[in-house]
Each structure stands twice: as structure tokens, then as C-alpha cells.
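Let's walk through this model together, one question at a time. Here is what we will be looking at.

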Amino acid sequence: MALSSILLLGTFGTDSPAGKRHHQRCIWVLALMILGIGLGALLPKPYHHAVALLTGLAVAFIAVEMWRYVDSLDELEHRLQMEALAWAYVILIALAMSLGGLALAIGWKIDPAWLIALEPVRAWRLHALVRRFT
Amino acid sequence: MTYCLRVLRAEPQWSQADLAEKLGLSRQTINAIETGRYDPSLPLAFQLAEAFGLRIDEIFNPREGAKTQ
């Protein structure tokens, strides 16, 4: 399992056909999403809603691809990915509730898009689990 | 659980990668099973036994060095 792939992408690399497909599709969708956001910034404001919708669709596609990828793994790899996802989910809930409380208390607003910062947390947890089993 | 996969692999001269490919697993999973870090599921245990043409209890011994996850 490639360490760089685990820490940077939260996957076990491109050795398997499923891993390769997952990486290729996600890279294409991410590239299109970034291009769309870039072009969207140049468009008038009414089009920004469409850009936001397309961004959401792109992220949803990546989520579905992630699910398909995890489903294609063998039982140990599947277990490691699911444990890392579950761990990140619990942190997400705790963080979202804390930030929500903070927002209510002091009126501080945080863009939910920043929750993407939890991806490295998932990757780090995956790395820790891989070290435990391999 | 204790396993004798390494010994069993030696006879047909299969590497971990060979066995992993036969069973549709990653090499790391075979390594984790061999080193006792991971106890396979029952279906996978049957698959492993079948790959070597043995019974499941000839590969996996629950009495020695019992380990739970």
C-alpha cells in the first residue's frame, strides 16, 4: 500500500484496476470542478447558483465513486476504509455540533466547505490502521 | 488463531502475491493473515483452505495463541 496515496488521497493506490479507475475518475471530476469554479467566477452573479449546483454534483459523484471503490476492496482493506470513514464521521459530527454551538453563541459563521479539512484526518486514521494490520 | 500459510505456500512455491492473486486479495491482506495480525472471515478462511486443497481446521488453529481483534 503506497504511503503517499494513503496520506494524500486516503486510498490504497492505483495498483488494482478499481483503484486506478477511482483515481482517474476523481482527478477528472476534480479538474472539471476547479475549472468550473474558475470560469464561474468570471460569470455574472445569477450563474453562481449553477456553479454551486455543479460543484455539489461533482462532490456527490466523487462520494459515489469512493463508495464503489471501497466496495471493490478485499475484506481487510474494506474494513480499514470503513473504520477510517467511521472515525472521520464521528469527528465531523462533534466538530459540526461544536461549531454550530459557537455560531449560535457568538454569531460567528464558518463556511461548511471547510469541513473538507477532515479528509486529511480520515487519511491519517487510515494510515494508523494500515500500520496496525500490516 | 495461528496459521501455517507461510509453510503451505512454500510447497507450491507461491509468493504472497501469487496467493493474493489467486484469491482476489491484496498482498498486504495475505501478509496480515500470515503474521496473525488479522483473522480472516469464515468465507475467506474457506477460500484459503480450498486454495491449498485442505480442510479449514488444517490451516487455522484456534487453540494455540488465541488472539481476538
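Between two axes, angles under 35 degrees count as roughly parallel, over 145 as roughly antiparallel, 65 to 115 as roughly perpendicular and the rest as oblique. This is a predicted model, in which local features need pLDDT of at least 70 and side-chain atom pairs count only at pLDDT 80 or more, while totals for chains, interfaces and linings use all residues. Residues are numbered from 1 along each chain as its sequence is written, and chains are lettered from A and ligands numbered from 1 in the order in which they are written.

Q: How are α4(A) and α5(A) oriented to each other?
A: Axes here are lines fitted to C-alpha atoms, for helices over the stretch in contact, and angles run from 0 to 180 degrees between N-to-C directions. Helix α4 (residues 75-106) and helix α5 (residues 118-133) of chain A pack at about 140°, with their axes 9 Å apart. The two helices, α4(A) and α5(A), are therefore oblique.

Q: Which classes of residue make up the contact of α4(A) with α5(A)?
A: Two residues are in contact if their C-beta atoms, placed from the backbone, lie within 7 Å. Those taking part include A:Leu80, A:Trp87 and A:Ile91 of α4(A), and A:Val121, A:Leu126 and A:Phe133 of α5(A). Ala, Val, Leu, Ile, Met, Phe, Trp, Tyr, Cys and Pro count as nonpolar, Asp, Glu, Lys and Arg as charged, and the others, Gly among them, as polar. By these classes the contact of α4(A) with α5(A) has 14 nonpolar, one polar and three charged residues.

Q: How many helices and strands does chain A have?
A: Helices (H or I, at least four residues) and strands (E, at least two) are DSSP runs, numbered from the N terminus. Read from that end, the elements of chain A go α-α-α-α-α. The count for chain A is five helices and zero strands.

Q: What percentage of the residues of chain A count as buried?
A: A residue is buried if 20 or more other C-beta atoms lie within 10 Å of its own, exposed if 12 or fewer, and partly exposed in between, with C-beta atoms placed from the backbone. The C-alpha atoms of chain A fill a box of roughly 50 × 35 × 20 Å along the principal axes. Of its 134 residues, the buried share is 12%.

Q: Is B:Leu19 buried or exposed?
A: B:Leu19 sits in helix α2 (residues 16-23) of chain B. Leaving out residues up to four places away in sequence, B:Leu19 touches B:Arg9, B:Trp14, B:Ile30 and B:Ala51. Because B:Leu19 has 22 C-beta neighbours inside 10 Å, it counts as buried.

Q: How does α2(B) lie relative to α3(B)?
A: The axes of α2(B) and α3(B) come within 8 Å and cross at roughly 110°. That angle makes α2(B) and α3(B) roughly perpendicular. Among the residues in this contact are B:Leu19 of α2(B) and B:Ile30 of α3(B).

Q: Which helix gives the most to the side of chain B that touches chain A?
A: The contact takes eleven residues from chain B and seven from chain A. By class, the chain B side has four nonpolar, six polar and one charged residues. With four residues, the most is given by helix α3 (residues 27-34) of chain B.
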